[in-house]
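Could you look over the aromatic side chains of this structure with me? My notes are set out as numbered points.

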Amino acid sequence: MNRQFFPGYSIGTDAYDDIKKICKTYGKTAAIIGGKQALDASQEKILAAMEGSGVEPTGIFWYGGEASVENIELLENNPAVAKADMIFAVGGGKAIDTGKVLAHRTGRPFFTFPTIASTCASCTSLGILYHPDGSLREYSFSKDTPIHIFIDSEVISHAPREYLWAGIGDTMAKFYECTISGRGDTLSHSEALGTAISTMCADPLVAYGVQALHDCDNNHVSSELEEVILGIIISTGFVSNLVSIDYNTGLAHAVYNGFTILPQIEKYGHLHGEIVFYGILILLLVDRQMQEFERIYQFGQEMGFPTCLESLHTKIEQTHAVADKALQGIDVRHYPYTVTQEMILSAISELENYHSQQK
């Protein structure tokens, strides 16, 4: 089976200029599909870059506000979308997944234009679909990744900083989860390669994260900001494309899933990536990587990530339910040892004690 594990990508303030040399090979028309804010931020630059490229837009289309089958079908039945040779998917994860799955369903090439750096959706073949009410529906699997990713770092530097902040927390988990989940296994070539490069999901973000967040606050495109953007979108996306689902998740995401049952998580607007970062600390304690735990805890303090239950508006007596929910999903079904509720609760208590000692 042929598969494009590594889509091409361009990054910089002039990244969209590469439309001229890349997209014309795949047809003469493109449907531009994205989120409202994403299109407001990027469509002028995209349209300017398309001039003289040999590719004409059939229109600019809102993705519908949810990555749902219903919205995909509406786009699929739109005559102006249907006549396009290719799909330009613009925005964050849900907007891009909508364009991606539409392209998969209709057998067309697609290109992604991330306007925030919060997930690797713009790099992967996987699409995540939801019901119209926002609840998870299914994972949409395909072997087709985007042909090319156009990353305008100026556009991303003007996006709300919380997307970048949460994206850093979520991205770092990829390294720890991938390497632990695959520990002791005989890996295939692609899985071994994905595991080997997963270090690029953590070390550069620790090295450049604080400065990158500062630069995003000031809408400044810097090398540090671009390194972090590449870590979130490209490094993590490549790992996700290379490894199986069992190595794409682990205890940090299990902990996140556990916290989703608590009403205060939604009430106070806690983001996926910030809770995943807390989950990394629990993962490291459970795995007894104490030196790495101390290093990542310190980084979390510098970044303002949650490092105790109070920062997640959670009380210790609620953590039994969190630990129970954490073990109900697939995240630690493939692990080098059995993760128990007691292990998670012990790690939470240990983190609470460590945090109180650092004050």
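This is a predicted model: local features need pLDDT of at least 70, side-chain atom pairs count only at pLDDT 80 or more; totals for chains, interfaces and linings use all residues.

1. Residues are numbered from 1 along each chain as its sequence is written, and side-chain values use heavy atoms, with hydrogens and water left out.

2. The structure holds 18 aromatic pairs, where rings of Phe, Tyr and Trp (its six-membered ring) pair if their centres lie within 6.5 Å, and planes under 30 degrees apart count as stacked, over 60 as edge-to-face and the rest as tilted. The pair of Phe88 and Phe111 is edge-to-face, because the ring centres are 5.8 Å apart and the planes stand at 80°. Since Phe88 belongs to strand S4 (residues 86-91) and Phe111 to strand S5 (residues 110-114), this pair ties together parts that are 23 residues apart in sequence; strands here are DSSP runs (E, at least two residues), numbered from the N terminus.

3. Phe88 is buried at a relative accessible area of 0%, and Phe111 is likewise buried at 0%, with buried meaning under 20% relative accessible area, exposed over 50% and partly exposed in between (1.4 Å probe, protein chains only). Phe175 and Tyr176 also form an edge-to-face pair, at 4.9 Å centre to centre and 65° between the planes, and Tyr176 is buried with a relative accessible area of 1%.

4. Ring pairs link Tyr16, Tyr26, Phe88, Phe111, Phe113 and Phe150 into a cluster. In S5, 5 of the 5 residues are buried: Phe111 and Phe113 point one way from the strand, whereas Phe110, Thr112 and Pro114 point the other way.

5. S4 and S5 pair in the parallel sense over 5 bridges, two strands being paired if DSSP finds at least two bridges between them. Val90 stands opposite Phe113 in S5.

6. Two lysines lie over ring faces: Lys36 over Trp62, at 4.2 Å from the ring centre, and Lys94 over Tyr130, at 4.2 Å from the ring centre. A charge sits over a ring if NZ of Lys or CZ of Arg is within 6 Å of the ring centre and within 35 degrees of the ring normal.

7. Where does Tyr139 lie? Tyr139 is in strand S7 (residues 136-140), and at 44% relative accessibility Tyr139 counts as partly exposed.

Conventions
Helices (H or I, at least four residues) and strands (E, at least two) are DSSP runs, numbered from the N terminus.
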